[in-house]
Amino acid sequence: MNILLVGSGGREHALAWKIAQSPLVTRLVAAPGNPGIEKLCELRAIKADDADGLTALAREIKADLVVVGPEVALAAGLADRLASAGIPCFGPTAKAAQLEVSKAFSKAFLERHEIPTAGYGVYDTVKGAKAALDVFKPPYVIKADGLAAGKGVAISPDRPDAEAEIERMLGGRFGAAGARVVIEEFMDGEEGSLFALCDGQRALLFGGAQDHKRAFDGDLGPNTGGMGAYSPAPVFTPDLVQQADDLIVQPTIRKMAEEGAPYRGVLYAGLMATDEGPKVVEFNARFGDPECQVLMMRMAGDIVPYLLGCARGDVSGLASPAFKPQTVICVVMAAKGYPDSPLEGSIIRGADQDFGPHVQVFHAGTKRREDGLLAASGGRVLNVCAEGDDITQARERAYDAIRKIDWPGGFNRSDIGWRALDRG
């Protein structure tokens, strides 16, 4: 098979690493890719939101499958373009991707079909949003409606802070993504991410993970796209997973098809484990980042038949994906100043060394300079992932690898996996 992989982050590096292991693959091309992905396959300098350029590239390489990593490609309608060209795509159409692209759409969908989630309201004026705070209790959950790279959520402890967040979001902090805000009831519980591979009619569960959204240790600081993750997540007990599948995942896939937007690809269900059972925090229309990294390392067997089955609209002949019993952890190394103003261009040494069979370093925001040195080119820059017999061993291996990387311009949390450790 010839496969085109779209994207340039740590998620895409992990996907490339896993796809490249498949005996079914003849040629793997990534666009635009990164220096880590370049060691695994060909790169083409086409941006992830260039749907026409990517479709032309898929035709050029006679792609049997296109695997979409980032949400921007889905929002740009890449899956729709590829469908018109007769090329199978792992990733939903623009209409189906509205589950992530618009939080207002997602909340209305959940409410319409009585899928458990928090109460909410949608507002497009500062005055209206501030007045709506009368209906909610602190802490206040305020979200930009559109795509904001994982940073469009604020949990405000009091009303003055909530009003300031409303002013910032509706005042243009996230551009068009913040033209509307969603205000939600705060849900008590522990949050995790559950994944499912979907063919438009059916869904196969694809493991769970737990990430860390805050920038600094102790879950302090601003929300980020994710500073680390681990899998399996103890919060996902077999009973909770069964409830989530029955009450959330399967109804979502069924109702999307009934509404004329069959969902193909991976569904990321951000869930809150509450006293009343699992409830939807948000949906994403792609693998999480950094959750994808730990899932790819834990998956046993070949991922390509699952990607292709989803893209072709039939996973009925596939067994449920199998995962190794080991725990895998991912620690994100970010550029100083992330998420607000990350420092770009700082030199990274030691990231490409051999860390042993239990560690993988995925590139997330790097570039190769003309002199051959590796440099930071984004906010989240490296994903240091390690497997172990338990969370303690996996953590030790990951942080030992981090100590061997020479990057004064970066930082990372030192407490990834703390919830799992607290459970003993």
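User: Before we start, what should I know about the model and its numbering?

Analyst: The model is predicted, so local features need pLDDT of at least 70, side-chain atom pairs count only at pLDDT 80 or more, and totals for chains, interfaces and linings use all residues. Residues are numbered from 1 along each chain as its sequence is written, and side-chain values use heavy atoms, with hydrogens and water left out.

User: Okay. In what order do the strands of the open sheet line up?

Analyst: General idea first: strands of a sheet pair through backbone hydrogen bonds, either parallel or antiparallel. Two strands count as paired if DSSP finds at least two bridges between them. Helices (H or I, at least four residues) and strands (E, at least two) are DSSP runs, numbered from the N terminus. Here, 5 strands make an open sheet in the order E3-E2-E1-E4-E5, with parallel pairing. Strand E3 (42-43) and E5 are the edge strands, each pairing on one side only.

User: Are the residues on the two faces of strand E4 buried or exposed?

Analyst: In a regular strand the side chains alternate between the two faces of the sheet. Buried means under 20% relative accessible area, exposed means over 50%, and partly exposed is in between (1.4 Å probe, protein chains only). For E4 (residues 65-68), Leu65 and Val67 sit on one side, Val66 and Val68 on the other, and all are buried.

User: What lies across E1, E2 and E4?

Analyst: Helix H1 (residues 10-19) lies across E1, E2 and E4, at about 165° to E1. Helix H2 (residues 51-60) lies across those strands too, at about 160° to E1. For the angles, axes are lines fitted to C-alpha atoms, for helices over the stretch in contact, and angles run from 0 to 180 degrees between N-to-C directions. Contact means heavy atoms within 4.5 Å.

User: Now helix H9. Where is its kink centred?

Analyst: The bend at a residue is the angle between axes fitted to the seven residues ending there and the seven starting there. In H9 there is a kink of about 45°, centred on Asp245. H9 (residues 238-258) has 21 residues and spans 29 Å from first C-alpha to last, close to the 30 Å expected at 1.5 Å a residue. That expected span is 1.5 Å times one less than the number of residues.

User: Which residues of H9 are buried?

Analyst: An α-helix has 3.6 residues a turn, so residues three or four places apart point the same way. The buried residues of H9 include Leu240, Val241, Ala244, Asp245 and Ile248. Among the elements covering them are helix H6 (103-112) and strand E15 (264-274).

User: How many salt bridges does a search of the whole structure find?

Analyst: A salt bridge is a side-chain nitrogen of Lys or Arg within 4 Å of a carboxyl oxygen of Asp or Glu. The search finds 30. One of them joins Arg81 and Asp52 (2.8 Å, N to O). Arg81 is in helix H4 and Asp52 in helix H2, so this pair ties together parts 29 residues apart in sequence. Glu167 and Lys130 form another, with their closest N and O atoms 2.4 Å apart. Lys279 meets Glu276 at 2.5 Å, N to O; Lys279 is buried at 17% relative accessible area, while Glu276 is exposed at 67%.

User: Last one: which peptide bonds are cis?

Analyst: Look at omega. The bond from Pro138 to Pro139 is cis, with omega near -5°, and the one from Tyr338 to Pro339 is cis with omega near 10°. Pro139 is in the loop between H7 and strand E7 (140-144).
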